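Here is a friendly briefing to keep beside your viewer. Please have the sequence and the model open, and take the topics one at a time.

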Amino acid sequence: MHKVSLKKRIFLPLIVVSLVVAVISLFFVEHLEENQKNDVVLQEAESIQSHLQSALDSKAEVMAASLGFIVKNRDIIAALRAGDRQRLLELATPIYQRLHAQYNITHFYFHNAQRVNLLRVHKPEKYGDTINRFTALGAEKSGALFSGIELGPLGTFTLRSVLPVFDSGKLIGYMELGQEIDAIIQQTRAMFHVELLMLIDKQYLERGAWEDGMRMLGRPFDWNMLATKVLISQSLDDIPVAVLNRVATVPASKGISIGQDIILHGRSYWAGIIPVHDAGDRPVATLVVLRDMTQIIARLRTEILLFSSVFAVMGLLIFSLLYLILRRTEQALNESEERFEKISASAQDAIISMDNDGHITFWNQAAETTFGYAQEEAMGKNLHTLIVPERFRDAHLKAFPLFQATGQGAALGKTLELAAIRKDGTEFPIEIALSSTRIAGKWNAVAVLRDITVRKQAQQEIELTLHIQRVLDTILNISLPPLTLTEVTLKALDAILSIPAFSLLSQGSIFLVVKGEKTLEMVAQRNLPDSLLQSCGMLPFGRCLCGKAAATRQLIYINHLNEQHEIVYDGIQPHGHYCIPIEAEGELFGVLNIYVDVEHVSDESEKKFLKTVADTLAVVIERKQSEERLQQLAHNDMLTGLPNRTLFYDRLNQALALAQRHQQQFAVMFLDLDHFKEVNDTLGHDMGDLLLREAATRLRSCVRSMDTVARMGGDEFTVILTDTSSREDVACVAKKMLLILQEPFSLNGEIRHIGCSIGIALYPKHGLDSETLIKYADVAMYDAKRERNSYCFFSDKRLL
């Protein structure tokens, strides 16, 4: 019978177990890498999808607000109802030019109630076709504004908003605005630092029209390159057709999916597939996100190789030790010690042993490299004094007696991340695995340490990138609620100051450019001293760091106080500054000012991030300023700046509600200028407009800030005097108005005299609702008109 040797009985099972463990370990490592890849790709794709949707929603809101403003133009409504193309073109062309310049609006349509196109303002020679796009059908079905993206015959996407137009409850047609969204996709690529491919499903395109469109746009085209899709844009050149076919065969779905890994030009890309649905919820296109993972994969493979190497070395060591023990006990011990020293000398991790008194008994070559101490310097020294930072030594020394007595401790048997110090005094992070062993009846410790500085830096960069993305999303999202510009800038500043690099001081401010002046106004600040707020409330271009950033439109960074920091005050502390211009499309909106610690170390990535934040902030500020301008145009008279008819009735209803609640009285005045027509006829409408503006200014000077002066149209004005205690008080204000309007008006060198007729109705004496009060004030004004330049209260006799 063949006798199996003792070495085979021991080594064969160990070899089998080792191979099984190695295979399982490699499987789990590969599985972990695959899961990490999926998480990274999905998170990246979800962020991009969220950003694109946020940008589209913002653009759609701008177009919706613009349509809401246009539909108030009664001339346009009349022309649309009459189907007058020429009149529509005359009225809509200036509006389209302004929208195109301010918001990059590229399409402006008018359709009749049957969706037959009456006019393309951007292309007036083409009309008469029936519009059957999803957005138009959605607006027809819902009877309200409908927005969404539409795929054009050229393979390009347009964001469209369609508004049904009603007149006296009857549908008379539709107005439509559109904007090409290719620029949004390109901006997304630059923001996220990824490569993008856009593929369109062929079933939604007509070949001839698509090829003509690509030829017109100067893009390469090949209908037969892919089986079911066509490539309309790409940020990577020379992508093999085989790679494109793999991406193009991914089935359309409602959510984001993971594509196959791609090797291209010697680099590894992980692919995320984002389905693009049009306004009809059709999966018309696929946006492929390619994230370059070459460096990360290389690092992972290096770590796997290192793990495998350590595993193999340790296995070889164990097998060698067992083999030598079986041959000769003493010889095996001597040889194993020699082997261990050689292996540890070549190991990339530091290996250190410590005796029961805390003295170093082993120090390999990797430990020399890691800590800077030669073996001769380290041997026999106290481990805690040598490599443990001073602030942690007490905690280590308190736990050491337990280890001396029992060989146990909270850190034993675990892999921990701690801090250590080198010979030159610098502190750095380490990963340590600590174990205990009993030698000569006393407990000793063996530690395997690794410098993880590079890994921690990579982790911090990833965390910073995610934090930055959250900040950008926060800035974009705070522009959606109905907040004021000041509230938006404060919230944006708080989001920026939450970034770890700036949260320690948490100081900063946002300046906006004063319209028509080369001056900055501080509109938001956090934690700045009062003395500085007084000096920097209004800042001319070129003064101090923020003014220089505005004047040069260049990012300015200093990490200490110097001669450029012109504004100083008592008690100023050493610090640094980032001053970043807030600008978009060549227009300067303001300056972002962030404080940093003195001697703060800046890098290009930090500057690039702050520039991205400033650019994003510019978009938000521009949008809020546009909203405020639209609000101003909707509620104020363009000539005089006074509240218009709409705002006057709103203020009148508020005055009624307040008077009813507090049992107060108020007065409504109706004013008509005397001899105004003579000025218009003799000096022209320009001088008439000048007179109206001056008259509005004089009328405002006669009332309190809580009262309202409004222009109803022509030379007619209305006034609300709130909380009036007596009829005599109202009469006093009316006399003051008559006197101030009797003073001569200088109109381009011509002196003219006018007067004013004022009718007055009192609440609650003459009426309890707005219509009655306005009606009776108008009646009283005509009574005053008989005498000219006089005022008249509504007569109580008329109520009998």
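**H107 and its surroundings**

The side chain of H107 forms a polar contact with the side chain of T106, at 2.7 Å. A polar contact here is a pair of N or O atoms within 3.5 Å; within protein, one must be able to donate a hydrogen and the other to accept it, and residues adjacent in sequence count only if both atoms are side-chain atoms. You are looking at a predicted model, in which local features need pLDDT of at least 70 and side-chain atom pairs count only at pLDDT 80 or more, while totals for chains, interfaces and linings use all residues. Residues are numbered from 1 along each chain as its sequence is written, and side-chain values use heavy atoms, with hydrogens and water left out.

- H107 sits in strand β1 (residues 107-112); strands (E, at least two residues) and helices (H or I, at least four) are DSSP runs numbered from the N terminus.
- With a relative accessible area of 11%, H107 is buried; buried means under 20%, exposed over 50%, and partly exposed in between (1.4 Å probe, protein chains only).
- Beyond its neighbours within four places in sequence, H107 is in contact with Y96, H122, T158, R160, E176, L177, G178, Q179 and E180, where contact means heavy atoms within 4.5 Å.

**The chain as a whole**

- The chain contains 24 helices and 29 strands.
- Of its 800 residues, 44% count as buried.
- Taking contacts between residues at least 6 apart in sequence, 57% join residues at least 24 apart.
- The accessible surface of the chain is about 41,500 Å², and carbon and sulfur atoms account for 55% of that; areas come from the Shrake-Rupley method with a 1.4 Å probe, and for residues only the protein chains shown count as cover.

**Nonpolar cores**

- The largest nonpolar core has 57 residues, and the members touching the most others are I76, F108, F110, F157, M198, I200 and L287; such a core is a set of buried Ala, Val, Leu, Ile, Met, Phe, Trp, Tyr and Cys residues joined through side-chain atoms within 4.5 Å.
- Helix α1 (residues 6-70) gives the most to this core, with 10 residues.
- A second, separate core of 36 residues includes A667, C702, V730 and L738.
- Setting aside neighbours within four places in sequence, L287 is in contact with L52, I185, L196, L197, M198, G272, I273, I274 and V276.

**Strands β6 and β7**

- Strand β6 (residues 195-201) and β7 run antiparallel, joined by five bridges; two strands pair if DSSP finds at least two bridges between them.
- L199 stands opposite L231 in β7.
- Five of the six residues of β7 (residues 229-234) are buried, so this strand is largely enclosed by the rest of the structure.

**Backbone details in loops**

- Y763 and P764 are joined by a cis peptide bond, with omega about 5°, and P764 lies in the loop between β28 (755-763) and α24 (770-785).
- D281 is a residue other than glycine with a positive phi, near 60°; D281 is in the loop between β10 (267-277) and β11 (283-292) and is partly exposed at 44% relative accessibility.
- N789 also is not a glycine and has a positive phi of about 50°; N789 lies in the loop between α24 and β29 (791-793) and is partly exposed, with a relative accessible area of 24%.

**E583**

- E583 lies in strand β21 (residues 576-584) and counts as buried at 18% relative accessibility.
- Not counting residues up to four places away in sequence, E583 touches R553, L588, F589, D615 and A618.
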